[in-house]
Amino acid sequence: MTQAEAAIERFRSGERFRPPASSFLGGEASGELLGQLGGALESEPGAVRVEIVKLLADLAWRADPSYGKGGRVIHDEATIHVLVKGGLAHVDVGRDAALEVLKTYVPAELLRPHGRALTADLQHAPDSTALHVIAKAKPPEASVLVRRLLATSRWSREESARVAAAALGDRAIEQEFIAAFASATDGRQKVHLAKVLGWIGTGGALQALAQQMRTGVVLEVPMALRRSARLDIIGALGYNFPDEVLLYESAIRSDADYARIEEWCERRFHVRWDRERPPFLTVQGFPIPVRP
Amino acid sequence: MATGEEDGALSGFEDEGDSESEGEGTAGGAAVDTGEGEDGGGGMFGDFGDEDDGGGGGTGSGDTDDDDGGGGGTGSDDTDGDDDGGGGGTGSDDTDGDDDDGGGGTGSDDTDGDDDGGGGGTGSGETGDDDDGDGGTGLDDTDDDDDDIGGDTPGTTGPGSIWGVPGGLWSVPGTIGGDGGGGDIGIGTTIGPCPFKKIYTVTITGPDGITIPCTIVPAGGRLRLRGVPQPPTSGTYQWSTTSGRIALANAYADTVDVWGGQTASPSRGAETVQLVFTPSGEAPLAPVTINVTVAIVRFSESQLLSWGWDDMDNPNGELPHASVLKSDKTRVRVSIEGGVNGDELKYVCDDPSVALGGNGAAAPAFDLSVSAGGYDSAETLLRAKCKCEDEPDFSAFYVNVYKLKVVEAAVAKVWDSASPATALKFGGLNVAGWEFKLNTKYKAAVAVTQLEDCGLLDIRYDLNNDGYLTYEVGGSGPEFEVIRDEFRRSCQRIIVVRNLQSLYYLDKGAKQGDSELTFRSKYFPDGFYFKNGQTATLQGPTQETLRLKQINRSSGVVTIDVTPINPEGRLLHDHPEGSGLIFPAAGWSGDPIVVTEGEATDEGDIGWTFGHELGHSKLFLADVDAPTDIMNYCRGNPDHRLRYKLLPRHYKSGTENQWQLIPRDD
């Protein structure tokens with residue numbers, strides 16, 4: 001029994017993938033594993049497909065040079081091809097998982113060669129994550145489809161459809177999101193809108209993110225969490241520049257790390273600051289009470 | 001039940017004994033009576049079709065002189081060549097204004113080309129004076145189907161069309177629930193009183209007066225029944241029941257409301273509703289009855305549940321909520337009391353794009369499949385309904401569709417082999433097992449944890465060899481930073497250590513006799529977690545316990561009180577700069593999350609803490625006052641749920657709905 005066959009049998013029996021892949025597989029991945037998993041990805045039921053996608057993603061990002069630096073990026077084109085071809089073969093939870101991996105871990109320039117397939121997938125089964133993937137890949141051929149979706153009652157008010165439209169060049173929608181982000185003072189809202197601008201990923205959206213690198217907004221859960229919204233702004237920039245190690249959250253440990261990111265923003269987006277950098281904060285820890 | 005072929009509607013009267021008014025392919029004859037006195041109108045019956053039709057309608061010229069009998073009629077024939085019942089007929093009325101005339105009638109034919117029973121007929125009423133028979137109206141079956149069950153529109157007759165005095169009209173009402181013959185109106189006979197005795201019946205129908213009545217009433221719900229006399233007539237209605245499980249409202253109207261009590265019927269049809277109808281001026285008809293069932297439908301958590309079920313604790317009858325992953329399915333347990341099976345009901349969502357209910361099983365208890373649509377976050381109500389026309393609602397529950405929230409974390413059990421006291425009690429903590437346990441709770445909110453077991457890490461962190469991880473509040477300190485920097489991951493990290501000492505460091509040394517302490521400014525205003533009056537231990541060459549009398553959070557100065565050791569409230573010993581005030585904590589949120597074994601006696605204290613702290617860090621959930629919730633503000637819970645139900649926050653006013661609050665925007 002090959003590694004792939006063994007893994008698929010386990011998934012069929014209800015076992016879930018647990019990282020790392022090498023532990024799950026009981027050794028390093030064999031050369032033919034990807035092809036075999038890709039074949040299964042096209043034919044297995046949804047629940048098994050989800051686990052195959054997770055296994056493929058784990059294999060890919062751990063093998064990626066960025067992983068050792070704290071990143072999670074999939075550059076491997078063969079894996080991306082398998083995720084697009086097999087992952088999107090059926091409309092089910094497996095497809096959702098594949099779209100999520102494509103959106104989160106694959107750089108935009110490596111999605112672009114799959115623009116036609118991604119557009120066809122969106123046309124076949126419109127979905128919020130599929131729209132986010134389209135926003136990231138920005139295939140020109142998707143513009144008409146996204147506009148058509150936006151004209152429907154189902155999608156006209158869906159944020160994901162508006163994100164895709166903005167990413168594909170709708171300046172009015174883009175400006176709405178930018179204005180909302182710039183004026184947001186609530187932590188949850190600011191964090192969410194930072195992600196939205198990251199998904200849009202246009203020059204204007206990225207510049208707006210950079211402009212807010214000195215925001216003092218904090219997402220706060222009383223006595224549990226204080227998280228600087230700057231982390232999410234950096235995350236949104238990192239979504240678009242996955243190879244910039246200085247944007248990895250795990251790399252931010254001091255005020256100097258924030259300063260380096262600001263310098264990068266100045267160089268890249270020509271932004272200037274109209275306020276001082278806020279006091280250092282990444283994630284403030286709160287005590288776990290001693291059991292009474 | 002009537003069928004069109006077999007029960008072609010009676011199309012009217014025979015004309016002086018020649019033609020048949022029903023039957024197969026019988027052509028009606030023609031007769032025109034022009035004589036005087038007490039004559040009935042003639043009629044023409046013509047079947048132009050070629051199949052097995054019932055009798056066609058007829059045309060008659062009415063009698064036009066005085067004191068005559070019935071008017072004529074026009075029968076529209078069945079002309080489509082199919083197997084319909086007979087068409088109706090139009091009768092021209094006696095128009096002389098005098099007495100004792102019969103009305104005419106118009107019959108609309110079945111024209112849709114199907115095999116229905118005969119259509120009805122309309123009678124034009126007599127417009128003169130007294131004692132005339134009125135016309136009748138018959139409605140055809142027009143739905144173009146071939147069925148004979150379930151109620152196409154039957155014929156009805158107008159008042160007085162039955163019993164015209166000599167020459168009056170006669171009609172057969174449509175059969176309720178079938179496509180059998182509609183009420184046709186034919187032409188009056190020529191002479192003499194009708195030989196038949198007038199017979200009324202009453203039927204119990206659905207509230208529209210047509211459909212088969214629903215016989216299942218929800219507990220606490222309502223069912224409507226209607227009494228329909230045939231032929232239609234005015235009269236009084238008296239509905240009654242001896243059942244204690246139902247109550248009737250509007251019991252003296254044609255339509256009664258049957259209210260189900262709170263108790264289900266012991267068996268199917270156990271409750272009897274009786275109707276006594278008394279036509280105006282007549283004796284009461286024999287009672288008619290219908291057996292109904294009070295049913296209770298309960299939705300509950302299924303053993304086959306894929307995601308979540310929140311029964312809302314149900315103090316105010318709040319409807320439960322089922323959660324389900326977008327594009328996925330779940331199951332909900334359905335239990336029906338009253339002798340009703342699941343397949344007698346349907347399970348319908350208000351918004352079928354959000355979710356769809358499956359089919360019920362032919363059993364009183366089963367697991368209902370619920371399929372979710374492709375929404376990231378959406379809600380719809382799923383109702384159990386009767387399959388009948390009236391569709392009374394039984395129970396309902398909400399379906400909440402969510403995009404999956406994945407919470408990734410890397411878990412390392414950390415010790416320092418150079419400091420034996422750091423050896424873990426639960427070094428073999430089964431991370432995979434805890435991932436599974438947490439997910440049995442997280443899945444309710446359509447969230448999953450994915451814990452990477454990073455094993456037992458030997459890190460030289462116990463720099464002062466005291467057996468503790470020394471942690472400066474706020475997430476720093478040399479010992480903590482060693483671990484933080486060696487254990488690097490791109491996701492949320494969790495470390496488990498044997499012992500933990502959390503410290504606030506003095507900014508300035510304190511001398512014996514001092515009554516104030518000054519701490520590092522970085523703890524203020526938000527990071528100094530002691531409260532006024534709390535007791536703490538201050539390190540130093542000689543550590544001492546003191547009470548924090550007053551904390552000034554803007555200046556970082558803490559007024560101390562060491563009573564009763566020192567009645568003057570002053571330090572008994574010197575404490576150099578860098579001495580730490582020990583804060584009692586079992587761990588810290590942040591990144592990495594620090595979990596200490598401490599006095600834990602089993603893995604549960606540690607594993608559930610993973611879930612709680614990840615709830616803060618990745619789901620942004622607050623501490624709540626809810627002892628069965630994983631986010632309860634203190635540990636030792638009997639259960640570890642995530643809820644849709646609004647739960648009171650512990651540290652801030654207000655409540656929160658955990659399912660809804662979880663961000664789904666990764």
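Mentor: Happy to. Helices (H or I, at least four residues) and strands (E, at least two) are DSSP runs, numbered from the N terminus. This is a predicted model, where local features need pLDDT of at least 70 and side-chain atom pairs count only at pLDDT 80 or more, while totals for chains, interfaces and linings use all residues. Residues are numbered from 1 along each chain as its sequence is written, chains are lettered from A and ligands numbered from 1 in the order in which they are written, and side-chain values use heavy atoms, with hydrogens and water left out.

Trainee: Which elements each supply at least two residues of the lining of the second largest pocket?

Mentor: Chain A brings strand E2 (225-228), helix H15 (229-240) and strand E3 (283-284), and chain B brings helix H2 (478-486). The largest share, three residues, comes from H2(B).

Trainee: What makes a space a pocket or a cavity?

Mentor: Both come from a 1 Å grid over the protein atoms alone: a cavity is a set of points where a 1.4 Å probe fits but cannot get out, whereas a pocket is an open set with protein on both sides within 12 Å along at least five of seven lines. Lining residues have an atom within 4 Å of a point. Grid points are joined across faces, edges and corners, and a volume is the space filled by probe spheres set on the points.

Trainee: How is the lining of the second largest pocket divided by class?

Mentor: There are 18 nonpolar, 13 polar and ten charged residues. Here Ala, Val, Leu, Ile, Met, Phe, Trp, Tyr, Cys and Pro count as nonpolar, Asp, Glu, Lys and Arg as charged, and the others, Gly among them, as polar.

Trainee: How many cavities of 30 Å³ or more are there?

Mentor: Three cavities of 30 Å³ or more are found. The second largest cavity has a volume of about 50 Å³, and its lining includes A:Arg62 and B:Glu452. H4 of chain A, strand E25 (405-415) of chain B and E26 of chain B each give two or more residues to that lining, with H4(A) giving the most, three residues. By class, the lining of this cavity has four nonpolar, one polar and five charged residues.

Trainee: Why is the pair B:Glu452 and A:Arg62 called a salt bridge?

Mentor: The term asks for a side-chain nitrogen of Lys or Arg within 4 Å of a carboxyl oxygen of Asp or Glu. In B:Glu452 and A:Arg62 the closest N and O atoms are 3.3 Å apart, so the pair meets that cut-off. It crosses between chains, from strand E26 (residues 447-458) of chain B to helix H4 (residues 46-63) of chain A.

Trainee: What makes B:Lys326 and A:Asp127 a pair that joins two chains?

Mentor: Their salt bridge has its closest N and O atoms 2.8 Å apart. B:Lys326 lies in the loop between strand E18 (321-325) and strand E19 (329-337) of chain B and A:Asp127 in the loop between helix H8 (115-124) and helix H9 (128-137) of chain A, so the bridge links two chains. B:Lys326 is buried because its relative accessibility is 2%, and A:Asp127 is buried because its value is 3%.

Trainee: How many salt bridges are there over all chains?

Mentor: The whole structure has 56. Among them is A:Glu158 with A:Arg154 at 3.1 Å, N to O; A:Glu158 is partly exposed at 24%, as A:Arg154 is at 25%.

Trainee: Why is B:Leu548 called buried?

Mentor: Its relative accessible area is 0%, so B:Leu548 is buried. The residue lies in strand E32 (residues 544-552) of chain B.

Methods. Buried < 20%, exposed > 50% of the residue type's maximum accessible area, 1.4 Å probe, protein only.
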